[in-house]
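Student: I would like to learn how to read a protein model step by step. Could we go through one together, feature by feature?

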Amino acid sequence: MVLHGRAGGRGRLASEDRRLVAVGTGILILLLGWLLAGPYGLWQLYDVHRQRAQVTAQIEDSSRAVAELSQELEKLENDPAFLEQIARNRFGLVRPNEVVYDFSKTSRKK
């Protein structure tokens, strides 16, 4: 509240008004700082959203891996041809009386 008279009161009220504006501005700056950088501020919210996206991606990757492994387990338990293919390819097994011819360059003897 500012008085427009000359009776000396004008300077005192203007000084009080400036002080109120300064205090209000300081409080507003503190609140804005707290809203941005406080424990529940915007930066923390952004970080939580970023972490959530990363965890969601990891969950999706893990879910895909589990599905693939479940399919492979199903085949191993129920598909003899698949089991034989794994035994031959991974472990180099052959059937009895079966002859294996290896034409790869690494197996040639000089």
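**Reading the model**

Tutor: Let us begin with confidence, since this is a predicted model. The mean pLDDT of the protein chain is 86, and 85% of its residues reach 70 or more. Where pLDDT is low, the predicted coordinates should not be read in detail.

Student: Which elements of the protein chain have the lowest and the highest mean pLDDT?

Tutor: Helix H1, which covers residues 9-37, has the lowest mean among the elements, at 85, whereas helix H2, covering residues 42-78, has the highest, at 95.

Student: How many helices and how many strands does the protein chain have?

Tutor: There are three helices and zero strands, so that, read from the N terminus on, the order of elements is α-α-α.

Student: How much of the protein chain is buried?

Tutor: Buried residues, meaning those under 20% relative accessible area, make up 6% of the 110 residues in the chain. The accessible surface of the chain comes to about 10,400 Å², and 62% of that surface belongs to carbon and sulfur atoms.

Student: Now I would like to read the charged side chains. How many salt bridges are there?

Tutor: The count comes to six salt bridges, where a side-chain nitrogen of Lys or Arg has to lie within 4 Å of a carboxyl oxygen of Asp or Glu. In one of them, Arg64 pairs with Asp61, and their closest N and O atoms are 2.8 Å apart.

Student: Why are Arg64 and Asp61 separated by about one helical turn?

Tutor: The reason is that Arg64 and Asp61 are three residues apart in helix H2. Both partners are partly exposed, Arg64 at 47% relative accessibility and Asp61 at 45%.

Student: Which residue forms a salt bridge with Glu72?

Tutor: Glu72 pairs with Arg90, and the closest N and O atoms of this pair are 3.4 Å apart. Since Glu72 lies in helix H2 and Arg90 in helix H3 (residues 80-91), the pair ties together parts that are 18 residues apart in sequence. Glu72 is partly exposed, at 25% relative accessibility, while Arg90, at 56%, counts as exposed.

Student: Where do the side chains of Glu84 and Arg88 stand in this picture, and what is their N to O distance?

Tutor: Glu84 and Arg88 also meet in a salt bridge, at 2.9 Å from N to O. They are four residues apart in helix H3, and therefore separated by about one helical turn. Glu84 is partly exposed, with a relative accessible area of 28%, and Arg88, at 29%, is partly exposed as well. Glu84 and Arg88 also belong to a network of salt bridges that links them with Arg95 and Glu98.

Student: May we end with the backbone? What is the phi of Asn97?

Tutor: The general idea is that most residues other than glycine have a negative phi. Asn97 is not a glycine, and yet its phi is positive, at about 65°. Asn97 lies in the segment after H3, and at 84% relative accessibility it counts as exposed.

Note on methods
Residues are numbered from 1 along each chain as its sequence is written. This is a predicted model: local features need pLDDT of at least 70, side-chain atom pairs count only at pLDDT 80 or more; totals for chains, interfaces and linings use all residues. Side-chain values use heavy atoms; hydrogens and water are left out. Helices (H or I, at least four residues) and strands (E, at least two) are DSSP runs, numbered from the N terminus. Buried means under 20% relative accessible area, exposed over 50%, partly exposed in between (1.4 Å probe, protein chains only). Accessible areas come from the Shrake-Rupley method with a 1.4 Å probe; for residues, only the protein chains shown count as cover. pLDDT is the predictor's confidence in each residue, from 0 to 100.
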